[in-house]
Amino acid sequence: MIKPVSTICFLIIATGLWSGCRPHAQHDNGVLERFKTSLVKLEISRKSYNYRMPWVTNRQQTNKNGVVLAGKRILTTADDVSGSVLVRVQKDGESRKYNAKFVWIDYYANLALLEVEDNGFWHGLEPASLADTVPQSGNLHILRWTSGRLESREAEIERLLVGKSQTSYVEYLQLQVTSEIDAAGWAEVVVQGNQVAGLTASANGKSLKILPSAVMQQMLAASENNKNGGLGYFDFTWQPGTNPALLESLGMKSSDHGIIVTRVGLKRVADQVLRAGDVILKIDGFDIDPEGKYKDPNYGRLHFSQLATRQALAGQVLPMTIWRDGQEMQIDYPLPAADFESDLVPDAEFDQAPEYLIAGGLLFQPLTGPLLAAYGKNSPFLMRYYDYQRPVEDRKSLVVLSGVMPDPFNRGYEDARNMILNTVNGRPIATLQDIVDAFEAPEGDYHVLKFFPDQPLRTMVLDATTMKFATARVLERYRVPEDRNLRRSRSNHENPVTGAMVE
Amino acid sequence: MTFLVVAAWALISATGFGQGRLAQQPERSVVQIITFSQKPNWIEPWRFSGVAKGTGTGFLIAGGRIMTNAHVVSWAKQILIQRYQDPKPYQAEIEYVGHDCDLAVLKVSDPAFYVGMESLAFGELPEVRSTVVTYGYPAGGDQISYTRGVVSRIEMQGYVHISNRSFLSVQTDAAINPGNSGGPVIQDGKVVGVSFQGNKALENTGFFIPPNIIRHFLKDIEDGQYHGFPDVGVALAPLVNPAMRSYLEVPDAQIGARIDRILYPFEKTHEVLQENDVLMKVNEYEVGSDALIQYRGNRVHAGVAFDQAQHGEVVDLLIWRDGKEVELSIPVYVNRVDAIEGNQYDKEPPYFIVGGLVFTELSRNYLGSAGGNPDTDTLYELMFTRYVGGDTMRKRPVVLATILSHEINADFNIRHRSILDEVNGKRIDSMQDLVEAVESHEGEFHQFTFIQGRRVEALNREAANRATNEVLQTYRVPSDRRIEK
């Protein structure tokens, strides 16, 4: 997704060099007036991290948009709000900025709510009304504050699709539109008639993905009910059942519907109710066609993954009809909640500084999506391989020796990097804390590190008696403030990703 | 990528001349080799490319043999040789070819070819900073060309023809260009190398194959068969870290490199050696803590010491294990397990067609033809499983090369380049396994499981048999298979 920082657009406008972002002059002023009192502009100062140097904190600013809801709240997307330290909000094109606070962020859904304490801010603002259904035809407008004026752009509906959330692997119904608007994707407000149809979630050229109001309402309701809290997710992979011989080979007589489950539990969030080789015939009463589509009563043919969020939430049970061992049977699929932290290699981390441990100049880090992303296109193949699918049954996560800060202590290992750790002093390593613990029990005067057998190096030995001096020396020489940032073990960890109150 | 460098030595050193069997006019023994070659198509292995013409250089050596590079004559259907300033082309045949060391020897049946030609003798590894001259027929003209340069350095280099082997190689600043390949590099009237490759990323660098590699090749073929360079199958790591040295109780001198791991299969090596053995000596060569040895004045990788052994010969090792020295002997064998990881030549790829699904062996050649970037599973299968061994490692993984469209496979959901895991419940380690699993099956359906995404597909067995015949006719495929026995 290409999402140029919106400040570029502001700059250009301010210097008057380019009119591309200006509102359409001829546009119906009624629409603008109606929403002027409900749209706000957000300026979020936040911490961001360099996973290649995890002790460094950078400062970033994100400019986004929001819409006023009943109950003096502002709704926006969760994209790029992680690590926020200061949120400023502006209304009605005024230059005055008020302080705002996130009160709820759901990174799975890609949605967040803010509050503003200063009552003066709310004066003159009115809650917008969120549409109950996803529009399938007609004209939409995309609105945002630009240089004190409300900019409005027409948008044309391309299609409805079931796609991944911008901030997670959870899939739900989205609207794809085309529009001339520039540098969008930052929760610009999409309206139809008197209602908010959605918020923009991403933009790629002229094509934008919209998080529809109907879906947002469902997410908000779930958060208010404070049930399991999250959106559901089908934790299995599948293939189409289009080849009749395949279904017949599994003993099925008719081959007009059904998809085949190929792997289960890759994200490690599901009860293993389904098995590889099961043919799914129905989910929640809907027939699943051989290409994995069902007929939605409101929106027509949609991908079956929509059924995980359509009317269900994590924790609920979805009835499924499957074909297994030569017969049709009914099963109850407990819809799992998405959870980054149960994954072997978590896709994302939010609102927390990266974990690391430096010992004798060796830098250890958990293998995570953001670490891989920090390498860009040059991410090490074996790390990608483990992220992609390598089954490692005996541990919940992986730790990488990501690099070495040269010191006499680690002489000869200067080039070691990007290797997945197997054991330290004979103990299997899944977390940084495991390393810390293993260092408490050296083999004689030595720490013996073993890497996974497919890694470039198998064994590394360090001097256990002098390591702490070396660590101190390295921290001093390379100006690293702390030797570690460890979090509590995952299982004790309050899920920070959904429903978190941000301090 | 591989282009060959012909280095001609201008013999200036007065002392070197006229002694022993020195060629007075080496150019008379240097020939141009013109090949017409045809490569198979790895995706549809019954098809072949158009005929391509190529040229290289060769030179006469003892025994009436023309020595050249393997890459000059790979896939050749016809080889013609043009003598120095002689208009008549002579037809030649390959006698032996070593794709690992990029050397080949040819024979010409017409006795007239040898008239007036003197075979060139081999010298020793030239010294760094000494001058050499390349002889050859590089692109840019038709006549023989000479270039002179100094020996810049001598060390282990990747041999790009096979791509996954490294041997000793000599770098020179003599110009080496396409067409030079296979030409002699001469010093003091003797051949001290065979020009074979360049590196486009570097300036004024050409590489030639040194005499020890050439002699190894010639000795290998003495028994009438080329085996190749044996491989001991260990990964050496420098032993520099003081804690690691003291952990292994190695005396604190700059001697000894650590065996970090033993690759698979290498059964004999697994019997004799252990991880964390410290390699102190290979035959008479002392191994430094940097995993290098001193070889004729050059510091080169310890592998060079192993490369002196022939297939099946024994190498003597001095190992440091459990705080003391141990003398061991280890037989070394040619390793063909990783052949799929390198370029393969002169062997038409195997294939097997069932119901329009075309299966072949996973190989670097296949992936090169298929284009694009291979997926993660495929790369892992090709490059990393031999580090892990056991069940993870398949001897010869089988890949779905392509699908010949037919109604029987029209609804398949498998992409080409997918690797077979099982067929009809049997694990597939080779093309033979595949044929066996398909032909011995008596059920109503063939079921194929692939590694990628654990996807499954099925064919009705009888319908597949009929479809195979139809597909062969439609696409003019001469046979449903080419399988090595």
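Ala291(B) lies in the loop that runs between strand S17 (285-286) and strand S18 (292-295) of chain B, and in this predicted model its phi is near 65 degrees, a positive value in a residue other than glycine. Because Ala291(B) has 21 C-beta neighbours inside 10 Å, and 20 or more are needed, Ala291(B) counts as buried.

**Other backbone features in loops of chain B**

- Ser163(B) also has a positive phi, of about 80 degrees, although it is not a glycine, and its place is in the loop between strand S8 (145-159) and strand S9 (165-172) of chain B.
- With 13 C-beta neighbours inside 10 Å, Ser163(B) counts as partly exposed, whereas Ala291(B), as said above, counts as buried.
- A cis peptide bond, with omega at about 0 degrees, joins Tyr264(B) and Pro265(B), and Pro265(B) is found in the loop between strand S15 (257-262) and helix H4 (267-272) of chain B.

**Chain B as a whole**

- Chain B has 10 helices and 30 strands, and its radius of gyration is 25 Å, close to the 23 Å that the globule rule gives for 485 residues, so chain B is as compact as a globular protein of that length.
- The C-alpha trace of chain B spans about 80 × 70 × 40 Å along its principal axes, and 48% of the 485 residues of the chain count as buried.
- Among the contacts in chain B with a separation of 6 or more, 66% are accounted for by residues 24 or more positions apart.

**Helix H9 of chain B**

- Within helix H9 (residues 431-439) of chain B, the residues Met431(B), Leu434(B), Ala437(B) and Val438(B) are buried, and they lie on the same side of H9(B) because they cover an arc of only 130 degrees around the axis.
- An α-helix has 3.6 residues a turn, so residues three or four places apart point the same way.
- The buried residues of H9(B) pack against several strands of chain B, including strand S23 (351-354), strand S24 (357-361) and strand S28 (445-450).

**Nonpolar cores**

- The largest nonpolar core has 132 residues, and those with the most contacts inside it are Leu231(A), Val279(A), Phe359(B) and Leu434(B), of which Leu434(B) is also one of the buried residues of helix H9.
- A second, separate core of 130 residues includes Met460(A), Ala70(B), Phe208(B) and Phe217(B).
- Leaving aside neighbours within four places in sequence, Val279(A) is in contact with a set of residues of chain A, among them Leu247(A), Leu250(A), Ile260(A) and Trp323(A).

**Contact between the chains**

- The contact takes 30 residues from chain A and 30 residues from chain B, and on the side of chain A that touches chain B, H5(A) gives the most, with 5 residues.
- By class, that side of chain A has 15 nonpolar, 8 polar and 7 charged residues.

**Confidence of the prediction**

- The average pLDDT of chain B is 91, with 95% of the residues scoring at least 70, and the predictor gives the complex an ipTM of 0.89 and a pTM of 0.89.
- Over residues 1-20 of chain B, pLDDT stays under 50, although the model has 83 contacts beyond four places in sequence for them.
- Where pLDDT is low, the predicted coordinates should not be read in detail.

Methods
Residues numbered from 1 in each chain as written. Chains lettered and ligands numbered in written order. Predicted model: local features only at pLDDT ≥ 70, side-chain atom pairs only at ≥ 80, totals over all residues. Helix = DSSP H or I, 4+ residues; strand = E, 2+ residues; numbered from the N terminus. Rg over C-alpha atoms; globule rule 2.2 N^0.38 Å. Buried ≥ 20, exposed ≤ 12 C-beta atoms within 10 Å, placed from the backbone. Contact = placed C-beta atoms within 7 Å. Nonpolar A, V, L, I, M, F, W, Y, C, P; charged D, E, K, R; others polar. Core = buried A, V, L, I, M, F, W, Y, C linked by C-beta atoms within 7 Å. Arc of directions from axis to C-beta. pLDDT = per-residue confidence, 0-100.
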